[in-house]
Amino acid sequence: MLIDKTIPFSYMLNKVKYDVLRVLLFSVAFHLLKHFFTDYLPPVPFQLPAILGTSISLILAFKLNQSYDRWWEARKVWGAIVNDSRSLVLQLKGFVDEERTEPRQLLHRMAYRQIAWCYSLGESLRGNEPIKEEQEANLSPEEINYIRKHSNKPLALLMCHVHDLKALLRLEAVNPYQQVQLDSTLTRLCESMGKAERIRGTVFPVTYKLIVHFFIYLFLVVLSLALVETIGVYEIPVLTFIATTFFLIEKTARHMQDPFRNKPTDTPVTAIARTIEINIKQILHDADVPKPLAAEKYYIM
Amino acid sequence: MLIDKTIPFSYMLNKVKYDVLRVLLFSVAFHLLKHFFTDYLPPVPFQLPAILGTSISLILAFKLNQSYDRWWEARKVWGAIVNDSRSLVLQLKGFVDEERTEPRQLLHRMAYRQIAWCYSLGESLRGNEPIKEEQEANLSPEEINYIRKHSNKPLALLMCHVHDLKALLRLEAVNPYQQVQLDSTLTRLCESMGKAERIRGTVFPVTYKLIVHFFIYLFLVVLSLALVETIGVYEIPVLTFIATTFFLIEKTARHMQDPFRNKPTDTPVTAIARTIEINIKQILHDADVPKPLAAEKYYIM
Amino acid sequence: MLIDKTIPFSYMLNKVKYDVLRVLLFSVAFHLLKHFFTDYLPPVPFQLPAILGTSISLILAFKLNQSYDRWWEARKVWGAIVNDSRSLVLQLKGFVDEERTEPRQLLHRMAYRQIAWCYSLGESLRGNEPIKEEQEANLSPEEINYIRKHSNKPLALLMCHVHDLKALLRLEAVNPYQQVQLDSTLTRLCESMGKAERIRGTVFPVTYKLIVHFFIYLFLVVLSLALVETIGVYEIPVLTFIATTFFLIEKTARHMQDPFRNKPTDTPVTAIARTIEINIKQILHDADVPKPLAAEKYYIM
Amino acid sequence: MLIDKTIPFSYMLNKVKYDVLRVLLFSVAFHLLKHFFTDYLPPVPFQLPAILGTSISLILAFKLNQSYDRWWEARKVWGAIVNDSRSLVLQLKGFVDEERTEPRQLLHRMAYRQIAWCYSLGESLRGNEPIKEEQEANLSPEEINYIRKHSNKPLALLMCHVHDLKALLRLEAVNPYQQVQLDSTLTRLCESMGKAERIRGTVFPVTYKLIVHFFIYLFLVVLSLALVETIGVYEIPVLTFIATTFFLIEKTARHMQDPFRNKPTDTPVTAIARTIEINIKQILHDADVPKPLAAEKYYIM
Amino acid sequence: MLIDKTIPFSYMLNKVKYDVLRVLLFSVAFHLLKHFFTDYLPPVPFQLPAILGTSISLILAFKLNQSYDRWWEARKVWGAIVNDSRSLVLQLKGFVDEERTEPRQLLHRMAYRQIAWCYSLGESLRGNEPIKEEQEANLSPEEINYIRKHSNKPLALLMCHVHDLKALLRLEAVNPYQQVQLDSTLTRLCESMGKAERIRGTVFPVTYKLIVHFFIYLFLVVLSLALVETIGVYEIPVLTFIATTFFLIEKTARHMQDPFRNKPTDTPVTAIARTIEINIKQILHDADVPKPLAAEKYYIM
């Protein structure tokens, strides 16, 4: 997530440099063309780029909306993960009899595993190694061994939760209603995991990207032809500025629609997992509570 | 689902070739008409196509939004199917006593049937044979026999689930709260099935399609009349490009609004069913886990 | 629901004939006026209708969106009715001990009554006689007698469901958790009924309809004045075409926002009820399963 | 709620008369100004009002959408109240043993109180006296006495529900699962009450209203300056018509966004409460069922 | 929340003074430039700012919509907190046997703590000291001591709720179903807390803010160039007015998208907490019910 500090100008420019360069090139080319073949070029009336400008603006607005929705949905999913992680531990604390040794150990194991689950889901969504070394403190060697065999690590950790919950019922540490209530929380976590996987795995309709690009270029070419006639050499900076803005909007939309790509514009899953870790550890009265994740220069992961 | 590789140009062009041809024809015709009867044609002011352009852009934006929503809803429904399929198996693993023979067999039968259910729902939405041969490994001969009598195969498979769940309660392999909790999961699966059927069965308001087509042609004719006057023969490529873009948007929208038509733009139901199969088999510690479905040239089914 | 076959041209034209006639009349009138009093008419600049055109397009887009939402919500409500009707019968099959005579009879009575409920809700939403003769096969004489006293027939049928569910608990054919689970399904059916009644009973803000009509006419008058000056007698067909499109959009929106009016654009409640009947009868292994409802010429009810 | 009958023209005009008058005045003023100081006024190009027209139309469209959403949400909340009121009584009928005297009395008391709750919530949202005299038939003297001490009358009635539900459990007239199920229904009613209070209590962002007004006037002034030049005295009616339309849209939006103000555009809470009364009384086999609320001249409250 | 009284003009102006000043400066600069170098400036055609005006209007409309959605979501979250706080106390009153001393004390402690929770959540969202002195009346010294160790105070208060609920079950003051039902209410409160934290913690995509600002300036510069040519010195006030409107819209949107910043445009969390306090105290028959929070000059916190 980009944060509200000054974003380096180079970061923004970097995103669109190739497109802007291309626009610069053809507006210069058109200008020269005009200079030499002025009689053969059509007198493009200004209403033509105006019509195209309205259309392209509407399609960009559509894209902005849909990509924002994806980004916001991704953030909501991770918000739900925060809520359900905390609720899970609160429920365990509220249901399990902590004076008996074995149930208390199960409770703690589940709580620490929940921390590991959040980190590993975040990493696996970004295509990284799901279980980083620092998470091994939150997992027992058997768990690490168990999940090694699975391709979907977070699902394997949920499977461990399910197993421990079964043990809690067998030990009569939770009653049947409490088991079902805890199972509902696990089901919601499983749902959030699936929703995040859906957002990561679903390609935004490719055809739109192509059409939008094609349309922007069509608009710029027509605009360039119309401008050459009226404002001469000033056309070059004007066209470049307008093109930069349109491409920046398009690129920003494209970055937001894929919020799990290990880029600065990502949903800050590691920072969220850290928040969950802090909250859970304080609920458990753990002395070793980490600090919130610090931001990088202009973003937080 | 189209994937993010290079889509063959021919694929895109193929979608709109008849419409573009028609536009090409009448813009040539208008050009000739203009050439010979220049005095009898009205001097169409350029603001007229501008007004129509704004209107048609807004209506196309409306169509884009609604068809995107249908497409995204279809994807969400299949995301929910992923979640509930995994939850169903996790719940069975968490509730059923696997040390007793009969309940364990029921558990496994339900899990494999859930895999078959996902595939068969996908195929039946696409109007294919619901139970393909390779699914017969996941079903017992009695099940295959039972569902043969039903016109709605996925519903018949759900009926089998319900029957087995009843048996689990009778065997006291699940307690009454667990049965109700599992029943809730089945109800959600039944809901997702119904939602997918609704999207497939509901025709997008036909009148809009007609109005949009009529409107685009009206716009192009008026634009053609206005352009002839100002830019002469250049009108033909300009009009063709603009028409191609508008028709591409309209066609793309139309393809997205029907995501279960056995076409490259479909929701990738087979690939999703495969993911479910992989996850469920790993939960069951099945040794024979298949690979994720590979993409076709530029799409995945 | 209009289906994807060729819709007779007359059907579409019929919707807007009076409005189009009115436009035809005043554009002819303005043309004549112009002819005789050319010096007294103001030289309306073309940007004026352009401004109005943008505004009216945006307001029409708003109306399109809202009426589409109502139409889609109505379809979703009936989708939920499909799901909950099937779930109800699946749950009854999964919970009730079918080896005991009386509970099995209650189960069947509830299942057939659910079929009747769907048909009667559809008819009563459309303002028809709620219980058609063919439904009497699905209801017992006592039920028919009971609901006669009620003004809201579908609610009376739900009341019968509630009564039978109470009997099932008393006979110990369902356990208390199962009763509550079935009661939740009935509550959802009651909700869907209420939602459909809300859509039918809530008039789309009347003021908007008036403003939209007033605005379209204002736009057309101003456009007519501007066109007369520039394109002469060609104004008449141009204006008529544009007017037809705008009025078609407005009328289509108006028809979609009221999806229970016994018209071809209705939500196809009878066809949906038939689907439910087919599914439920196959679950019950009833030999007498009807065919899906056939479409009329270009629509399905 | 305005109904689909002819709305008196005066009703619509009344809403915007001051704004239209103001516009009439300054367009006359500008016309005279122009007449005398023609050389000192700037030749406003027509594209300037066109740009402002597009902006103001988009902002009005935003306002239309948001106010429609508030209005529709208010209607949905009252739809949920209909559903949950009926469900509550259906559940009580399905759960409580009516052959025992005291539980049957409690059931009837709760059902009639639910009728009173609906009326009193509607009145209190509108800022009227919450308990009208005719509701005293549905409440016992003790209840009336109890709620007198509360500032939030509908909440006090819910409190009575909670108290009676506790008594039903103590009398063993409902089992613990049924109590929890009924409690869920009461929780939903409490939620709907809160949602309606939220819509009533949340002022639509005031700044927008000011900006929209300022923007419309800016647009009209600029348009007036541009028109004076081109169409002379015709400017006055044209401007007045356009202004009327814009202000009508803005006013209509403003009325819809506050649907509990005791005005004709309100959500028809009294009519809805009457519907609930009819349904509940028929479920209870009460002989004294009232008629649906009749509409006023052009609206229903 | 700004309320519907006259907002001081200075408040609105204050928001945009720097931007407007900047626009004033460069429009004067351009005017002088034009005056002296009239031959070297390009004759900017008016359609160029028109195209940019449409685009910027659409992007502003997008921003208006998204920021309104955030603001409305924040308000909904706090509406849910009202509902669940009242439901929690109603449920406790309906479930707990108040004739036994210890459970009654627990009930009252939970109810008063719920009041404190609402205030402390509001303050901590705004970045203030979460537990103000006046809240210490609603909390016991042990509670205050307990939450001191936590960085997330509202979560610590929820932890106390969970602890007391456990005690209620141990004392058999609630049955297991009631405990689970109460736990669901606590889970919803935990969810609302997480949603509010999400809205506060998620920065609206920064890139959009930069693009919007850049785009507005690009539009104003181009418009200025076009205006200078046509309306001369009148350009300065016209440009300033238009700029003020655009910047006001942008600023208002920016303020709404962050509704927990301790500013007049905030969601009125303190006023809402007060409402909850009044309702809960009346349910508890507490004699010392406070008055609703009074509004400041033109807003309520």
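Chain E and chain A bury about 5200 Å² between them, with 69% of that area on carbon and sulfur atoms; buried area is the accessible area (1.4 Å probe) that two parts lose on being put together, summed over both. The model is a predicted one, in which local features need pLDDT of at least 70, side-chain atom pairs count only at pLDDT 80 or more, and totals for chains, interfaces and linings use all residues. Residues are numbered from 1 along each chain as its sequence is written, chains are lettered from A and ligands numbered from 1 in the order in which they are written, and side-chain values use heavy atoms, with hydrogens and water left out.

**Chain E with chain A**

- Chain E contributes 58 residues to the contact and chain A contributes 63 residues, where contact means heavy atoms within 4.5 Å.
- Of the area that chain E buries against chain A, 11% is supplied by Ile51(E), Arg198(E) and Tyr208(E), more than by any other three residues.
- One salt bridge is found across this interface (a side-chain nitrogen of Lys or Arg within 4 Å of a carboxyl oxygen of Asp or Glu).
- A salt bridge joins the side chains of Glu197(E) and Arg86(A), at 3.2 Å from N to O.

**Chain D with chain E**

- About 5200 Å² is buried between chain D and chain E, 69% of it on carbon and sulfur atoms.
- The contact draws 58 residues from chain D and 62 residues from chain E.
- Ile51(D), Arg198(D) and Tyr208(D) provide 11% of the area that chain D buries against chain E, more than any other three residues.
- The count of salt bridges between chain D and chain E is one.
- Glu197(D) forms a salt bridge with Arg86(E), and their closest N and O atoms are 3.2 Å apart.

**Chains without contact**

- Chain B and chain D are joined by no contact, and their closest C-alpha atoms lie 11 Å apart.
- Chain C and chain E do not touch either, with their nearest C-alpha atoms 11 Å apart.

**Two helices of chain C**

- Helix H3 (residues 101-125) and helix H6 (residues 176-201) of chain C pack at an angle of about 15 degrees, with their axes 11 Å apart.
- H3(C) is therefore roughly parallel to H6(C), a description given to angles under 35 degrees.
- Among the residues making the contact are Trp117(C) and Leu121(C) of H3(C), and Met193(C) and Ala196(C) of H6(C).

Methods. Axes fitted to C-alpha atoms, helices over the stretch in contact; angles between N-to-C directions. Helix = DSSP H or I, 4+ residues; strand = E, 2+ residues; numbered from the N terminus. Parallel < 35°, antiparallel > 145°, perpendicular 65-115°, else oblique.
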